[in-house]
Amino acid sequence: MIPNKKQIQHLKGLAHSLKPVVLLGNNGLTEAVVAEIDYALNHHELIKVKIPTDDRETKGLIVEAICRETNSTKVQQIGKVLVVYRQSAEKKIHIPKL
């Protein structure tokens, strides 16, 4: 499910108070990190991931890879923090229809 603008705004509001649950280390985006993000998305649906790099191009590639590998949607990216969303079977987060 790809959220529309209104739903993304809603998710941004929910994400505001969250702390990053996954922090990329010096090794970058490894299989273990992808598995951890996948697990966190199953558990929380909406998470923050901290990407410790100042290189915009590298960061963009990492964000793209995270979304592709975990089948999630990028909600927003501010500096080194990425917010991603993926609905789980339990649908823990209620998203407005409009």
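**Figure 1. Surroundings of Ser72 in the predicted model.** A polar contact of 2.8 Å links the side chain of Ser72 with that of Thr70 in this predicted model. Ser72 lies in the loop that leads from helix 3 (56–70) to strand 3. Its relative accessibility is 9%, and Ser72 therefore counts as buried, the limit for that class being under 20%. Leaving aside residues up to four places away in sequence, Ser72 touches Leu41, Ile66, Cys67, Val84, Tyr85 and Arg86.

**Figure 2. Asn71 in the loop between helix 3 and strand 3.** Asn71 is placed in the loop between helix 3 and strand 3. Its phi is near 55 degrees, a positive value in a residue other than glycine. Most residues other than glycine have a negative phi. With a relative accessible area of 65%, Asn71 is exposed, whereas Ser72 is buried at 9% relative accessibility.

Figure 3. Strand 3 (73–78) and strand 4 (81–85) run antiparallel and are joined by 5 bridges. Thr73 has Tyr85 of strand 4 as its bridge partner; Tyr85 is also among the residues touched by Ser72. Between the two strands of the hairpin there are 2 residues, and Gly79 adopts a positive phi near 60 degrees.

Figure 4. Helix 1 comprises residues 5–15, of which Gln7, Ile8, Leu11 and Ala15 are the buried ones. These residues lie on the same side of helix 1, because they cover an arc of only 100 degrees around the axis. An α-helix has 3.6 residues a turn, so residues three or four places apart point the same way. The cover over the buried residues of helix 1 includes strand 2 (46–50), strand 3 and strand 4. On the face turned away from the buried side, helix 1 carries the exposed residues Lys5, Lys6, Gln9 and Gly13.

**Figure 5. The start of helix 1.** A side-chain oxygen of Asn4 comes to within 3.1 Å of the backbone nitrogen of Lys6 at the start of helix 1. Lys6 is one of the exposed residues on the face turned away from the buried side of this helix.

**Figure 6. The pairing of strand 1 with strand 2.** Strand 1 (residues 20–23) and strand 2 run parallel, with 3 bridges between them. Leu23 is found opposite Lys50 of strand 2. Strand 2 is mostly covered, 4 of its 5 residues being buried. Strand 2 also contributes to the cover over the buried residues of helix 1.

Figure 7. A relative accessible area of 0% makes Glu45 a buried residue. The phi of Glu45 is near 75 degrees, positive although the residue is not glycine.

**Figure 8. The chain as context for the close-up views.** The chain contains 3 helices and 4 strands, in the order α-β-α-β-α-β-β from the N terminus. The radius of gyration is 13 Å, close to the 13 Å that the globule rule gives for 98 residues, so the chain is as compact as a globular protein of that length. The C-alpha trace spans about 40 × 25 × 25 Å along its principal axes. Of the 98 residues, 40% are buried. Among contacts between residues at least 6 apart in sequence, 67% join residues at least 24 apart. The chain exposes about 6400 Å², of which carbon and sulfur atoms supply 52%.

Definitions and conventions. Residues are numbered from 1 along each chain as its sequence is written. This is a predicted model: local features need pLDDT of at least 70, side-chain atom pairs count only at pLDDT 80 or more; totals for chains, interfaces and linings use all residues. Side-chain values use heavy atoms; hydrogens and water are left out. Buried means under 20% relative accessible area, exposed over 50%, partly exposed in between (1.4 Å probe, protein chains only). The arc is that of the directions from the helix axis to the C-beta atoms. Contact means heavy atoms within 4.5 Å. A polar contact is a pair of N or O atoms within 3.5 Å; within protein, one must be able to donate a hydrogen and the other to accept it, and residues adjacent in sequence count only if both atoms are side-chain atoms. The radius of gyration is taken over C-alpha atoms; the globule rule is 2.2 Å times the number of residues to the power 0.38. Accessible areas come from the Shrake-Rupley method with a 1.4 Å probe; for residues, only the protein chains shown count as cover. Two strands pair if DSSP finds at least two bridges between them.
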